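Please open the structure in a viewer and keep the selection panel at hand.

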Protein chains: 2
Amino acid sequence: MDQKMGRASIQLDAPVYIWDSASIVGKKEGEGPLGLLFDMVGEDDLFGCKTWEEAESSLQKDAVYMAMGKAGVKPEDISFIFAGDLLGQSIATSFGISSYQIPLFGVYGACSTCGESLALGAMSIAGGFADKVICVTSSHFASAEKEFRYPLEYGNQRPLSASWTVTGSGAFVLGRERGKKTRAVITGITVGKIVDYGLKDSMNMGACMAPAAASTLEQHFIDYNSQPEDYDKIITGDLGSVGQTVLIDLMRDKGYDISQVHMDCGIEIFDPASQDTHAGGSGCGCSAVTLSAFILKQLEENNWKKVLFMPTGALLSKTSFNEGKSVPGIAHALVLEQA
Amino acid sequence: MDQKMGRASIQLDAPVYIWDSASIVGKKEGEGPLGLLFDMVGEDDLFGCKTWEEAESSLQKDAVYMAMGKAGVKPEDISFIFAGDLLGQSIATSFGISSYQIPLFGVYGACSTCGESLALGAMSIAGGFADKVICVTSSHFASAEKEFRYPLEYGNQRPLSASWTVTGSGAFVLGRERGKKTRAVITGITVGKIVDYGLKDSMNMGACMAPAAASTLEQHFIDYNSQPEDYDKIITGDLGSVGQTVLIDLMRDKGYDISQVHMDCGIEIFDPASQDTHAGGSGCGCSAVTLSAFILKQLEENNWKKVLFMPTGALLSKTSFNEGKSVPGIAHALVLEQA
């Protein structure tokens with residue numbers, strides 16, 4: 001019954017099964033290195049909608065629909081949905097998933113929300129509160145630029161440290177029992193805390209988030225008494241190339257060499273040379289679609305046996321940025337293993 | 001182990017104990033009918049800070065500090081904190097509670113967030129994932145007006161159906177075992193879904209939220225096979241006087257008469273005749289401070305034995321409002337009983 005472990009971790013008594021999942025992305029993501037792996041690629045980033053926000057809502061709606069279809073479940077089979085996005089008051093979620101009429105827990109952890117939703121979803125099953133849940137998150141390049149920086153019409157320039165918000169949504173069906181098909185299992189969780197090194201550059205979010213990733217990762221190693229080599233991959237959400245360097249350095253200072261096993265979804269999803277995406281992809285959707293399309297596939301195909309999946313989030317808003325506040329970070333980690 | 005109940009409810013195997021709690025409010029709330037019951041009342045609504053957002057962050061920080069002090073616990077005793085607010089990207093939370101360095105689950109359910117945080121907090125304990133958690137939410141009149149409508153300097157007029165966002169924060173320490181002092185216990189949860197009747201008036205949020213409250217309440221009665229008279233009070237978060245009428249009518253249509261047992265935190269917290277607050281108080285802080293200062297006191301003093309506490313939320317943003325979208329609602333309910 002006691003599923004606590006160390007300061008900030010959870011060791012699940014029984015694994016929680018990821019029955020199936022779905023990913024939907026925008027045109028640019030479809031042209032990237034993972035393009036052929038996504039379940040659906042939009043022809044343009046409005047997805048037939050009138051506004052960027054509506055487009056992002058439709059991403060969540062479609063990702064949930066596809067995930068349920070692939071898993072062979074209906075909305076009435078699902079106890080709870082854990083959902084969130086980056087927009088103010090999470091409106092992509094509010095207007096995206098309401099038609100399913102599934103009891104909702106709204107979550108917010110910036111770009112770490114995919115990890116947070118999977119953590120709480122797995123806990124609700126492992127605690128005996130639900131048989132099946134759905135976890136869904138999304139982001140959209142155009143709605144995020146408008147929300148956090150400038151509307152696209154402004155045509156602002158971006159420094160090389162900036163990341164490119166992924167247009168996409170990933171949805172996951174979790175179950176207490178093994179499904180007809182099971183892509184992977186969740187066996188452990190490490191919950192992150194807010195880490196603020198005082199950095200204020202919203203165009204270098206990788207550096208802002210790396211200290212939070214290092215904090216959660218160190219806590220995970222301590223709580224689990226584990227080492228980097230215990231994982232086939234340690235996968236952050238959207239640190240990008242700048243943040244990756246910072247994380248590897250910070251972990252080296254703490255006595256851990258993760259340089260051989262580290263992977264970042266934001267680095268994998270775009271080709272910076274041909275796609276002009278600078279430091280890499282970011283956003284709630286980045287880690288979610290990469291998990292669904294690429295990471296779970298590696299676990300299914302026996303290329304990896306166990307990974308630590310750790311979405312990273314930058315806790316900024318345009319209000320806090322305009323008021324001169326820093327950009328704190330947070331990261332939540334999940335142990336994912338072969339089913 | 002199976003703690004599910006019906007479509008959307010949870011019956012906890014063992015009660016989760018509310019060890020203690022704290023409330024901090026602004027000047028206007030201190031002058032209202034519940035004024036003498038709050039733990040702290042600010043002299044002015046900036047609370048010594050430079051911006052409204054910083055002021056709201058300081059409310060969360062102080063509420064958590066007082067709740068921990070009253071409960072006799074330290075940050076390192078707390079497994080997780082479940083926290084949220086109304087501002088874009090939940091910045092009152094991000095900049096309010098980071099110094100405690102407690103692993104964080106950020107939650108968003110508009111003004112229902114107090115109920116959502118308590119639900120997830122109780123589940124994390126009842127599932128064996130934590131010994132003690134803190135749940136905290138906040139709102140601030142000035143930061144909310146700026147976030148959702150107009151900055152105060154604009155001096156806009158408000159229709160009589162409008163509510164007044166409560167400046168305040170309530171924090172709750174939950175434990176698996178009985179504490180030195182225990183104010184009440186959480187024994188059940190009903191999780192709400194998004195309900196959208198297509199209403200678009202952000203100056204009449206009571207009417208926008210009432211259908212969601214009715215949905216959750218009906219589901220609760222079905223899942224628990226209970227009736228209105230099984231509760232000493234059925235307490236909504238911030239429907240106000242307009243929303244209360246709508247809820248009572250909607251429930252009558254569903255075959256339930258709640259007119260004798262219904263209470264609304266938004267109606268209790270202000271005196272509309274002398275305080276010019278129109279339909280009542282609202283915001284994440286409204287239900288949180290009323291729960292801490294007034295509702296738990298009634299359970300402690302044996303005036304009530306069992307209540308259904310159901311914070312209500314209006315899922316709007318200024319972006320969705322400006323794009324002509326409706327204001328969907330959500331409500332989460334908790335069964336609170338004498339300890």
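How much area do chain B and chain A bury between them, and what percentage of it is on carbon and sulfur atoms? In this predicted model, the two chains bury about 5,500 Å² between them, with 62% of that area on carbon and sulfur atoms. The size of an interface is often expressed in this way, as the accessible area lost when the parts come together.

**The interface**

Select the residues of each chain that touch the other: 66 residues of chain B are in contact with 66 residues of chain A. Polar contacts between chain B and chain A link 32 residue pairs, both residues being at pLDDT 80 or more. The count of salt bridges between the two chains is 6. To view one of them, select D131(A) and K4(B), which form a salt bridge whose closest N and O atoms are 3.3 Å apart.

Next, colour the side of chain B that touches chain A by secondary structure. Elements that each supply at least two residues to this side include β2 (9–25), α2 (52–71), α4 (113–126) and α11 (318–322) of chain B. The element that gives the most is α4(B), with 6 residues. Coloured by class instead, this side of chain B shows 32 nonpolar, 20 polar and 14 charged residues.

**The nonpolar core**

Move on to the largest nonpolar core, which has 102 residues. Those with the most contacts inside this core are L174, I295 and F309 of chain A and L174, I295 and F309 of chain B. Centre the view on F309(B): leaving aside neighbours within four places in sequence, its contacts include C114(B), L118(B), I235(B), L291(B), I295(B) and L336(B).

**Helix α5 of chain B**

Select α5 (141–148) of chain B, another element that supplies at least two residues to the side touching chain A. This helix is mostly covered, 7 of its 8 residues being buried. Among the buried residues are F141(B), E145(B), E147(B) and F148(B). The buried residues of α5(B) pack against α2, β6 (132–139), β7 (164–165) and α11 of chain B.

**A loop serine in chain A**

Finally, select S226(A), in the loop between α6 (205–224) and β10 (233–236) of chain A. Is S226(A) buried or exposed? S226(A) counts as buried because its relative accessible area is 8%, and the cut-off is under 20%. Beyond its neighbours within four places in sequence, S226(A) is in contact with H220(A), F221(A), Y231(A) and Y256(A). With Y231(A), the side chain of S226(A) makes a polar contact, side chain to side chain, at 3.3 Å.

Terms used. Residues are numbered from 1 along each chain as its sequence is written. Chains are lettered from A and ligands numbered from 1 in the order in which they are written. This is a predicted model: local features need pLDDT of at least 70, side-chain atom pairs count only at pLDDT 80 or more; totals for chains, interfaces and linings use all residues. Side-chain values use heavy atoms; hydrogens and water are left out. Contact means heavy atoms within 4.5 Å. Buried area is the accessible area (1.4 Å probe) that two parts lose on being put together, summed over both. A salt bridge is a side-chain nitrogen of Lys or Arg within 4 Å of a carboxyl oxygen of Asp or Glu. A polar contact is a pair of N or O atoms within 3.5 Å; within protein, one must be able to donate a hydrogen and the other to accept it, and residues adjacent in sequence count only if both atoms are side-chain atoms. Helices (H or I, at least four residues) and strands (E, at least two) are DSSP runs, numbered from the N terminus. Ala, Val, Leu, Ile, Met, Phe, Trp, Tyr, Cys and Pro count as nonpolar, Asp, Glu, Lys and Arg as charged, and the others, Gly among them, as polar. A nonpolar core is a set of buried Ala, Val, Leu, Ile, Met, Phe, Trp, Tyr and Cys residues joined through side-chain atoms within 4.5 Å. Buried means under 20% relative accessible area, exposed over 50%, partly exposed in between (1.4 Å probe, protein chains only).
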